[in-house]
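Work through the exercises below with the sequence and the model side by side, and try each task before reading its solution.

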Amino acid sequence: MTSILKVINPGLYSCVQDLGRFGQNHLGLTTGGCHDAYAFKIANALVGNPINSPALELTLGGFRAEVLAPITIALTGPNVGFTINNKSHALWQSIQVARGDVIEIATPHIGLRHTLAISGGVKAQSHFTSVSTVMREGLGCKIEANTLIKQQAPRFTKQKRLPANLIPNYCQNAPLNMVLALQHHEFSAADLNRFLSSSYTVTGQSDRMGYRIQGAALESPTGARFSEGINLGAIQVPADGQPIVLLNDRQTIGGYPKLGSVTVLDCANLLQKRAGDEVAFNAISIEKAQNLNHLAQVKLQRALDALN
């Protein structure tokens with residue numbers, strides 16, 4: 001099998017991801033998966049891959065790699081310094097690179113995570129139907145210096161570029177949409193209003209498992225309760241009153257009271273936040289959340305059609 005990249009510097013945290021490990025919660029395994037399904041699927045489409053092909057997820061830039069064989073690559077995510085042999089290139093397009101080329105991705109000024117797709121996909125060991133990396137569970141592949149990235153299958157594609165109007169705006173700082181949980185009645189009306197009218201700061205204790213945010217403290221409901229399944233975006237309120245938004249690498253069960261759930265679309269936006277960034281929340285109905293998800297699927301299909 002052909003090695004196509006030699007990683008010189010993996011940056012803060014680089015790993016292999018696909019769309020996620022589904023249907024394994026009964027085994028205690030979480031879904032994991034890419035931080036942003038739209039950016040992930042478009043990156044793969046740009047290089048001619050099936051949209052669930054394994055790709056690299058890069059955190060806070062600092063990535064540098066040498067190309068070992070001719071391939072096509074695409075980088076998606078917030079705008080960032082992206083060079084090949086010190087020549088700047090745009091994101092959201094496919095680029096053909098040759099043996100000996102050096103790919104570098106700088107530290108972004110806005111946002112946190114990027115997807116780097118490679119024609120043919122990244123070769124990685126599948127565990128429980130997925131190659132997604134969840135370090136807490138010992139599954140997947142964290143990228144280290146001198147790691148040799150192998151190609152899943154040879155693939156060639158013509159140059160493609162996503163139309164500008166279909167590229168997400170990572171500069172906006174809109175409130176994160178959430179749907180109230182069944183347990184929200186256990187919180188006082190004052191606490192609910194306080195949560196929805198306050199800004200919270202992302203703390204340094206935030207990662208793919210969950211984002212701890214700090215701000216107006218809420219009174220966590222007391223009393224015994226059963227542990228239950230944890231969905232993506234669940235907003236737990238522990239005893240200290242500081243909310244935690246659980247994300248891709250979350251535990252499968254938990255017993256803290258839950259105020260609501262951030263929508264899947266805005267979980268991707270939250271995962272672009274870094275320590276010190278501020279976030280706010282907006283409560284919407286399940287019906288509106290479903291409508292927003294439908295519109296997002298329409299946008300994705302438009303983008304995929306534009307790249308065919």
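The model is predicted, so local features need pLDDT of at least 70 and side-chain atom pairs count only at pLDDT 80 or more, whereas totals for chains, interfaces and linings use all residues. Residues are numbered from 1 along each chain as its sequence is written, and side-chain values use heavy atoms, with hydrogens and water left out.

**Exercise 1. Describe the faces of strand β4 and the strands that pair with β4.**

Solution. Begin with the terms: strands (E, at least two residues) and helices (H or I, at least four) are DSSP runs, numbered from the N terminus, and two strands pair if DSSP finds at least two bridges between them. Next, locate β4 at residues 63–67, where Phe63, Ala65 and Val67 make up the covered face, while Arg64 and Glu66 make up the uncovered one. Then turn to the pairing: strand β1 (residues 3–10) joins β4 in the antiparallel sense over five bridges, and within this pairing Val7 has Ala65 as its bridge partner. Finally, strand β9 (residues 102–105) also pairs with β4 in the antiparallel sense, over four bridges, with Ile105 of β9 opposite Phe63.

**Exercise 2. Identify the largest nonpolar core and follow the contacts of Leu56.**

Solution. A nonpolar core is a set of buried Ala, Val, Leu, Ile, Met, Phe, Trp, Tyr and Cys residues joined through side-chain atoms within 4.5 Å; buried means under 20% relative accessible area, exposed over 50%, and partly exposed in between (1.4 Å probe, protein chains only). The largest such core has 48 residues, and those with the most contacts inside it are Ile42, Leu56, Ile73, Phe82 and Ile149. Helix α1 (residues 37–46) gives the most to this core, namely seven residues. Now take Leu56: leaving aside neighbours within four places in sequence, its contacts (heavy atoms within 4.5 Å) include Phe63, Leu116, Val122 and Ile149. A second, separate core has 22 residues, among them Leu112, Phe187, Tyr200 and Leu218.

**Exercise 3. Decide whether Leu270 is buried or exposed, and list its contacts.**

Solution. First place Leu270 in helix α3 (residues 264–270). Its relative accessible area is 1%, and therefore Leu270 is buried. Apart from neighbours within four places in sequence, Leu270 is in contact with Leu176, Tyr211, Val245, Leu247 and Val279.
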